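I opened this model to look up its charges, its fold and its ring pairs. My entries follow in the order in which I made them.

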Amino acid sequence: MTVRKELEALLQEDWAEIPELADFRVIATERGLDVIEQPTVLIRMTSIQREPSAPQVSRRVELVLTLISPLLDLDEAGDQLEEVTLAALDYLGPRFIHGTASVVGYNANLAVDIPLTIIAGSPVTAPEEE
């Protein structure tokens, strides 16, 4: 399973228990989303590189979580996103390395991008026995 898909499954499970985040649809895709009908978090990958502290066994996977409000009234969307962004940062803080949340647009919707870093192990292959 990919890092994006593992994160998608984790957020779906964990956020269902957090009242401010329970209504979010979690989607790990690189495709653009057309219509946003419910609060949505979009998980996209931005880069993969060797982890400097363990270059042979670990990779640094950079992702962006985009929290998207379905509300088209910008004031209402801003209020909604402020509340859910705080809850998302509270969740992410002790679990992941993350950057500053930035307000962005997503099509006609207001959204917040949160850069996220995950250190993932490389698949290990056992040496062949002779």
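Charges. I counted 9 positive and 23 negative side chains in the protein, with the centres of the two sets 9 Å apart. Lys and Arg count as positive, Asp and Glu as negative, and His and the chain ends are left out. I placed each charge at NZ of Lys, CZ of Arg, CG of Asp or CD of Glu.

Ground rules. The model is predicted: local features need pLDDT of at least 70, side-chain atom pairs count only at pLDDT 80 or more, and totals for chains, interfaces and linings use all residues. Residues are numbered from 1 along each chain as its sequence is written, and side-chain values use heavy atoms, without hydrogens and water.

Fold. I found 2 helices and 6 strands, in the order α-β-β-β-α-β-β-β along the sequence. Both kinds are DSSP runs numbered from the N terminus, helices being H or I of at least four residues and strands E of at least two. The C-alpha atoms fill a box of roughly 65 × 30 × 25 Å along the principal axes.

Surface and burial. The protein exposes about 7900 Å², of which carbon and sulfur atoms supply 51%; the areas are Shrake-Rupley values with a 1.4 Å probe. Of the 130 residues, 39% count as buried (under 20% relative accessible area, protein chains only).

Rings. How many aromatic pairs are there? I got 2, taking rings of Phe, Tyr and Trp (its six-membered ring) as paired if their centres lie within 6.5 Å, and as edge-to-face if their planes are over 60 degrees apart. Trp-15 and Phe-24 have ring centres 6.2 Å apart and planes at 85°, so I logged the pair as edge-to-face. Trp-15 and Tyr-91 have ring centres 6.0 Å apart and planes at 90°, so this pair is edge-to-face too. Trp-15 is buried at 1% relative accessibility, and Tyr-91 is buried at 4%.

Helix H2. I checked its length: 19 residues at 1.5 Å a residue should span 27 Å, and the end C-alpha atoms are 25 Å apart, which agrees. The expected span is 1.5 Å times one less than the number of residues. The buried residues of H2 include Leu-81, Val-84 and Tyr-91. The buried residues of H2 pack against H1 and strands S3 (58-68), S4 (97-98) and S6 (109-121), a contact being heavy atoms within 4.5 Å.

Note on methods: Buried < 20%, exposed > 50% of the residue type's maximum accessible area, 1.4 Å probe, protein only. Phe/Tyr/Trp six-rings, centres within 6.5 Å; stacked < 30°, edge-to-face > 60°.
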